[in-house]
Structure formats: C-alpha cells, structure tokens
Amino acid sequence: MSVNVDFGGGLEATIQDGVWTCQDPAWLKTLNTFLPAGGPSGADPNPDLTIANAVVRAFGGRVYPVASSADEP
C-alpha cells in the first residue's frame, strides 16, 4: 500500500514499496535519506508507513494511506 505525506503548502510525497516520489527534487533527496540501508528488515508489516511516520516526526506534516483501486466501489 502506498502512503502519502502532506507537508502543507501544497507539498506532498508518496512512498510505495520503499520508493519515494515527490515533485520537489530537494525534498526527494532528503526523503531518500530515511530509507533503511539494505531495505526493510522484513519484520515490519508496513515499512512504508513506518518510514513515512519517521519523516513526519522529523519535519511535521500528516500521513495518510493512498486508497488502492481495490478500495474503490
């Protein structure tokens, strides 16, 4: 599942399967520093959410999951 982070001011980022996307290249570079070396441990059931929450603790913002097409009626 994808996870979005809304930083306010129109700045948002999404992490899916350990890959960040963001319209701001400087923020994207910063967000990538939160990715664990070697990838997720395998013990975390939702590593994208864990990483997104760490980013929000560091910079503020709001985390919310992205609805998948399977969630839509």
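Guide: Strands here are DSSP runs of E, at least two residues long, numbered from the N terminus. The model is predicted.

Visitor: Where is the place of D17?
Guide: Strand β2 covers 11-16 and β3 covers 19-22. D17 lies in the loop between β2 and β3.

Visitor: What is the phi of D17?
Guide: Most residues other than glycine have a negative phi. D17 is not a glycine, yet its phi is positive. The value is about 55°.

Visitor: Why does D17 count as exposed?
Guide: Exposed means over 50% relative accessible area. D17 therefore counts as exposed, with a relative accessibility of 65%.

Visitor: How far from D48 is the nearest side chain of opposite charge?
Guide: D48 sits in helix α2, residues 47-59. D48 is buried and has no salt bridge. A salt bridge needs a distance within 4 Å. The nearest side chain of opposite charge, R57, is away by 14 Å.

Visitor: Which residues does D48 touch, not counting those up to four places away in sequence?
Guide: Contact means heavy atoms within 4.5 Å. On that basis D48 touches M1, V3, I15, Q16, D17 and G18.

Visitor: Which element gives the largest share of the largest nonpolar core?
Guide: The core has 13 residues; V5, F7, A13, I15, W20, L31 and A52 touch the most other members. Two or more residues come from each of β1 (3-8), β2, β3 and α2. The largest share is four residues, from α2.

Visitor: With which residues is F7 in contact, leaving aside neighbours within four places in sequence?
Guide: F7 is among the core residues that touch the most other members. Its contacts are A13, W27, L31, V55, F59, G60 and G61.

Conventions. Residues numbered from 1 in each chain as written. Predicted model: local features only at pLDDT ≥ 70, side-chain atom pairs only at ≥ 80, totals over all residues. Heavy atoms only, no water. Buried < 20%, exposed > 50% of the residue type's maximum accessible area, 1.4 Å probe, protein only. Lys, Arg positive; Asp, Glu negative; His and termini not counted. Core = buried A, V, L, I, M, F, W, Y, C linked by side-chain atoms within 4.5 Å.
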